[in-house]
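Hello,

Here is the structure I said I would pass on. My notes on it follow below.

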Amino acid sequence: MFDVGFPNLGIYIENLKNCFYIGNFSIAFYGIIIGLAIIIGLLLTWKEARRTGQKEDDYTDYIIIGVISGVIGARVYYVVFQWDYYKDHIAEIFNLRSGGLAIYGTIIFAVGALIIFCTMKKKNFFQMIDTMIPQLALAQAMGRWGNFFNMEAFGKYTDGLLAMQLRLEKVNPNMIGADHLEHLLSINGVDYIQATPTFFIESLWCFLLFLFLLWMQRRKSFHGEVFCFYLGLYGLERSIVEGLRSDSLMIGDTGIRVSQLVAVICIALAIAGFFILKKQSKEVKS
């Protein structure tokens, strides 16, 4: 029997694993993917720094701070909006191997760390973030495949072309919605849910965003422009795709999805930031 299938594409995967073992120690594929994303991102950042006459060492120094800040932020963001659970399970807050990381927390904390870094080193924040931000989009595109191996970050029931079938017993019960159970499938005596592969939709969007931002780097007219495009276009995607997710973080009992609200705020900040920075750039040039 298969663990994950795409029936309308004729693709079926048996025995999907999310880790491998060295002795008794497990190494998650998600971690390997993120590690590769960091290495590739740093190499591409060095290349762009050289092209624009910046010091590679500045980015090497920051990346250590940025990664640590990003991981802390991702966890803090997740825990804050799942506090009803974690307030009674304090020790689990520090168990990162159990999952529970949110990309917006990564962005907020990593950007905050960069602001502090640039202030201390007297560097141009917007120039540095423009140099690095395409690589963040690439890391997000790669990271979503970690969600695939974990059989998570999927969406509501669908019977569309990309419909994904997941073996019920291997899926986290907290991610299963009523619509999944209403359309529960039994194939050769094994139960499956069918869902929207939102991980794939976001991965594809982020990869295309990465390519667009690389193109923008060589055509931008002011520092911060690439960052604004990232915020706006990623926010646009997340505001749509988050509505398809079945495991969204909510603001209390309001029914409002946290990531959708943050996405809308990002779009507003991107638009405002674009015009403010563009105006400031023109004033400096004049």
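The largest nonpolar core in this predicted model has 37 residues, and Y104, L114 and Y230 have the most contacts inside it. Two or more residues each come from helix 2, helix 4, helix 5 (125-150), helix 7 (198-217), helix 8 (225-241) and helix 9 (258-285). Another core, of 14 residues, lies apart from it; V4, M151, L166 and F199 are among them.

Leaving out residues up to four places away in sequence, Y104 touches Y77, Y234, G235, R238, S259, V262, A263 and C266.

Y104 also takes part in the contact between helix 2 and helix 4. The axes of helix 2 (residues 56-80) and helix 4 (residues 103-121) come within 7 Å and cross at roughly 145 degrees. The crossing is right-handed. On the helix 2 side the contact residues include D58, Y62, I65, G66, G70 and Y77, and on the helix 4 side they include G105, I108, F109, L114 and K121. Sorted by class, this contact has 14 nonpolar, six polar and three charged residues.

Strand 1 (residues 4-6) pairs with strand 5 (residues 164-167) in the antiparallel sense over two bridges. G5 has Q165 of strand 5 as its bridge partner.

Regards

How values were computed:
Residues are numbered from 1 along each chain as its sequence is written. This is a predicted model: local features need pLDDT of at least 70, side-chain atom pairs count only at pLDDT 80 or more; totals for chains, interfaces and linings use all residues. Side-chain values use heavy atoms; hydrogens and water are left out. Axes are lines fitted to C-alpha atoms, for helices over the stretch in contact, and angles run from 0 to 180 degrees between N-to-C directions. Helices (H or I, at least four residues) and strands (E, at least two) are DSSP runs, numbered from the N terminus. A crossing is left-handed if the near helix is turned anticlockwise from the far one by less than a right angle, and right-handed if clockwise. Contact means heavy atoms within 4.5 Å. Ala, Val, Leu, Ile, Met, Phe, Trp, Tyr, Cys and Pro count as nonpolar, Asp, Glu, Lys and Arg as charged, and the others, Gly among them, as polar. A nonpolar core is a set of buried Ala, Val, Leu, Ile, Met, Phe, Trp, Tyr and Cys residues joined through side-chain atoms within 4.5 Å. Buried means under 20% relative accessible area, exposed over 50%, partly exposed in between (1.4 Å probe, protein chains only). Two strands pair if DSSP finds at least two bridges between them.
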